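Subject: Structure for you to look at

Dear colleague,

I am passing on a structure that you have not worked with before.

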Amino acid sequence: MPEHPLVAAIAPLIERLNAELVAPDEAHGDDIPLLWKGKPVVAVRLTPKPADGVQGLLAEVAEELGGPLNELSRTDKQQAVLLLEARGAFEYRKSAEIVAEALGVTRFTVYNYLNRAR
C-alpha cells in the first residue's frame, strides 16, 4: 500500500485503537473506507473487543503491560486502572471489585487511582 498523507496522519490513531489498515480492494463489509477527494485511499479494520467483559479487558491490559497485574509496580497498576477505565471496564457491574482482586489491591485503592486521574 503506497504511503499517502492521510495514512501517515492517522497512523498513531490506528495504532492506539489496535486497528489495521487494509487496501480498499481488500476491505470487508465491516471495514471503514477512508476517502481522499472522493476516492478510497485505505480502509480501517477494527479489532473486535473481547466478549468476556472485564476479564477480557484485564487480560488485554496485562498483556499490554507485560505481566500479571498483581505483580506490577504501583505506577504500572495505576496505569492499568487508567487503561481499563479508557476501555470501559468500570461500566460493568462489580467491576471495581474484580479489578481490585486482579491487581491485588483493595477496591478503595482502585477508586483512589481513578480519582487521582480525574
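Predicted model: local features only at pLDDT ≥ 70, side-chain atom pairs only at ≥ 80, totals over all residues.

Residues are numbered from 1 along each chain as its sequence is written, and side-chain values use heavy atoms, with hydrogens and water left out.

The predictor's confidence in each residue, pLDDT, runs from 0 to 100; its mean over the protein chain is 91, with 95% of the residues at 70 or more. Helix α1 (residues 5-16) has the lowest confidence, a mean of 90, whereas helix α4 (residues 95-103) has the highest, at 96.

The protein chain contains 5 helices and 3 strands, which are DSSP runs numbered from the N terminus (helices H or I, at least four residues; strands E, at least two). Along the sequence their order is α-β-β-β-α-α-α-α.

As for overall dimensions, the C-alpha trace spans about 55 × 25 × 25 Å along its principal axes. Of the 118 residues, 33% count as buried, where buried means under 20% relative accessible area, exposed over 50%, and partly exposed in between (1.4 Å probe, protein chains only).

Leu17 lies in the loop between α1 and β1 (20-22), and it counts as partly exposed because its relative accessibility is 46%.

Best wishes
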